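User: I have a structure open and have not looked at it before. Can you walk me through it?

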Amino acid sequence: MLLAGQKVVVVGGSSGIGLATAELAKKEGAEVVIASRNKDRLTPAAEKIGATAMVADVTSDDSVAALFKSVGVVDHVVVTAAQLRSGPFKTVPMEDVRATMEGKFWGAWRVARSAEIRKGGSLTLVSGFLSIRPRPASAIVGAANGAIESLARSLALELAPVRVNAVSPGVIDTPIRAAMPEATRQEMLAKTAASLPVGRVGVGEDIARQILAFMTIGFATGSVVYLDGGALVS
Ligand SMILES: NC(=O)c1ccc[n+]([C@@H]2O[C@H](COP(=O)([O-])OP(=O)(O)OC[C@H]3O[C@@H](n4cnc5c(N)ncnc54)[C@H](OP(=O)(O)O)[C@@H]3O)[C@@H](O)[C@H]2O)c1
């Protein structure tokens, strides 16, 4: 088992990519802590995979500091937490775009500042395809993702010998689109799948396996991996 005896914290671990990462880390023998805001979702997720649940909100300095004070020194930290609000550039409320940066970018920043990671351990941030394949009405998400990738490269220098990397997912079928009408969501996923060389959209485990690679390849730092089923070349 690749992570036997190691401690992994997944911030955003109650759902989607974070939950898949926590589950894979657990299977690889790690002691796993998952953190997110909603206790009612977090607790059953933790029980299902045999992880420890800790409530934390990445938009709060104090909450993130308390989480890492409580977990102590760890081997690997993963940040998948995000709640994104976007809209047409000229009309999207400033409150929405600020909230997107607060969770996705400043959330990752806060975790990186508070986490105590052992030498040679890793921090993995999650960005997203909009940083390099922008779409209308999503400028703030693209900007947040670009900032995350830049932050990962800067921190690879500044936090060394802790290793810092980012994975940029393409379209992954997770609860992140739960608010969409189901028929619209299915149609969007089917259309995306048909447009990709791999013929399918991603699942959480696809990204989790890349994050596991970042944890376990001691030569990986300052890397940004675009994992998108071939979207970039199609
Ligand atoms: N799915 C995709 O197609 C896709 C594509 C590109 C990039 N990404 C990126 O991948 C990451 C994970 O996405 P996902 O699809 O796995 O999303 P998801 O299924 O919605 O999971 C998001 C997780 O973040 C937690 N969270 C949200 N806001 C938080 C906060 N303020 N503090 C602490 N936890 C918070 C949520 O739990 P609570 O609500 O309980 O806090 C949940 O556990 C995100 O950064 C997303 O932007 C996803």
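**Walking through the model**

Analyst: Pro-161 sits in the loop between helix H5 (139-158) and strand E6 (163-169). Helices (H or I, at least four residues) and strands (E, at least two) are DSSP runs, numbered from the N terminus. This is a predicted model: local features need pLDDT of at least 70, side-chain atom pairs count only at pLDDT 80 or more, and totals for chains, interfaces and linings use all residues. Residues are numbered from 1 along each chain as its sequence is written, and side-chain values use heavy atoms, with hydrogens and water left out.

User: What kind of peptide bond joins Ala-160 and Pro-161?

Analyst: A cis one, with omega at about 10°.

User: And what is phi of Ala-137?

Analyst: Phi of Ala-137 is near 65°, a positive value in a residue other than glycine. Ala-137 lies in the loop between strand E5 (117-126) and H5.

User: How exposed is Ala-137?

Analyst: Ala-137 is partly exposed, with a relative accessible area of 36%. Buried means under 20% relative accessible area, exposed over 50%, and partly exposed in between (1.4 Å probe, protein chains only).

User: Back to H5. What does H5 span?

Analyst: H5 has 20 residues and reaches 28 Å from its first C-alpha to its last, close to the 28 Å expected at 1.5 Å a residue. That expected span is 1.5 Å times one less than the number of residues in the helix.

User: Which residues of H5 are buried?

Analyst: Among them are Ile-140, Val-141, Ile-148, Leu-151 and Leu-155. Asn-145 and Glu-149 are also on the buried list.

User: What do the buried residues of H5 pack against?

Analyst: They pack against helix H4 (94-114), E5, E6 and strand E7 (224-227). Contact means heavy atoms within 4.5 Å.

User: Zooming out, how many helices and strands are there?

Analyst: The protein has seven helices and seven strands. Along the sequence they follow the pattern β-α-β-α-β-α-β-α-β-α-β-α-α-β.

User: How does the radius of gyration look against a compact globule?

Analyst: The protein has 17 Å, which agrees with the value near 17 Å for a compact globule of 234 residues. The radius is taken over C-alpha atoms, and the globule rule is 2.2 Å times the number of residues to the power 0.38.

User: What box do the C-alpha atoms fill?

Analyst: Roughly 45 × 35 × 35 Å, taken along the principal axes.

User: And what share of the residues is buried?

Analyst: Buried residues make up 51% of the 234. Of the contacts with a separation of 6 or more, 68% come from residues 24 or more positions apart.
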